[in-house]
Amino acid sequence: MEELHSETQQTEPEPAPKIIGLTGGIGSGKTTVAHFIEEFGFPVYYSDDRAKAIVNESEDLKIKIKELLGEESYDENGLYDRKFVASKVFNNNDLLEQLNEIIHPAVRIDFEDWVKKQSKYLVFKETALLFELKLNRQCYKSLLVTAEDNIRAKRVMDRDNKTYREVEAVMEKQMPERDKIKMADCIIYNNTNLEELKEQTEKVIFAIE
Ligand code: ATP
């Protein structure tokens, strides 16, 4: 008798994609690199953008954030009031830490759900805090975008219309580049132009095995 194949045969489950943590300090060019990565056909999860969305999407988060910082954390339309929240946590590290303890696990779960929907063998997670939050431990490889401090400062001053002092203040709060360079598996040096940045990006991502 002929064997029935179509319904009885088991298909091998797809292997889970390898997660590459993409990071860099302010103005390093990590978002630009992330866009190039998407152009090369790989999916990118933008942690910061998702965090901004989740605080409005999740009822559970809304309740927890209001409990921590007050009803005014959300405006009359029920939307997260970024300015109010920033004013509450500014110079209050304890509150900031508690807020992060609410938001970061929600982003992690959102990311895990996102990964399950991906079909490429590599996926990228863009986050400024890859090493600071030790998220690199959950990644197959870390990819750092870095550039000289003065180049990064100039780019952010042009992009955001900020003063050198304002950009420097952010840099001083971030992990120094030399520490990140020691920890990263792959490094893109973004000290020249966008063409070279794209070429380097292509080389690095297609060399990941
Ligand atoms: P942030 O952490 O502040 O969001 P980022 O690391 O995501 O910064 P980008 O936004 O990608 O950095 O880059 C900062 C600015 O510098 C952008 O305006 C971008 O277009 C520009 N830029 C990045 N790389 C280059 C380059 N090689 N040549 C010219 N401009 C660049």
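Predicted model: local features only at pLDDT ≥ 70, side-chain atom pairs only at ≥ 80, totals over all residues.
Let me start with the strands. Strand β1, residues 18-23, and β4 run parallel, joined by 4 bridges.

Next, the annotated site. UniProt, in an unreviewed entry, places a "binding site" feature at G27, S28, G29, K30, T31 and T32. I'll take two of these residues.

G29 first. It sits in the loop between β1 and α1, the helix spanning 30-39. Is G29 buried or exposed? G29 is buried, because 23 other C-beta atoms lie within 10 Å and the cut-off is 20 or more. Setting aside residues up to four places away in sequence, G29 touches G24, V145, A147, N190 and L197.

Then K30. This one is in helix α1. K30 is buried as well, with 25 other C-beta atoms within 10 Å. Which residues does K30 contact, leaving aside neighbours within four places in sequence? They are L22, T23, G24, E126 and V145. Note V145: it is on the contact list of G29 and on that of K30.

On to T127. Look in the loop between β3, residues 122-126, and β4, residues 141-146. T127 counts as buried because it has 25 C-beta neighbours inside 10 Å. Its contacts, not counting residues up to four places away in sequence, are G21, T23, S47 and L135.

T31 is one of the positions in the UniProt feature. T127 and T31 are 96 residues apart along the chain, and their C-alpha atoms are separated by 9.3 Å.

Last, the domains. Domain 1 covers 19-43 + 123-209, and domain 2 covers 48-117. Their C-alpha centres lie 24 Å apart. How many residues make the contact between them? On the domain 1 side there are 5, touching 4 residues of domain 2. The side of domain 1 that touches domain 2 has 4 nonpolar residues, no polar ones and 1 charged.

That's the tour. Questions welcome.

Key:
Residues numbered from 1 in each chain as written. Helix = DSSP H or I, 4+ residues; strand = E, 2+ residues; numbered from the N terminus. Buried ≥ 20, exposed ≤ 12 C-beta atoms within 10 Å, placed from the backbone. Contact = placed C-beta atoms within 7 Å. Pairing = 2+ DSSP bridges. Domains from an automatic or database assignment. Nonpolar A, V, L, I, M, F, W, Y, C, P; charged D, E, K, R; others polar. UniProt positions renumbered as here; feature names shortened; annotations may be inferred.
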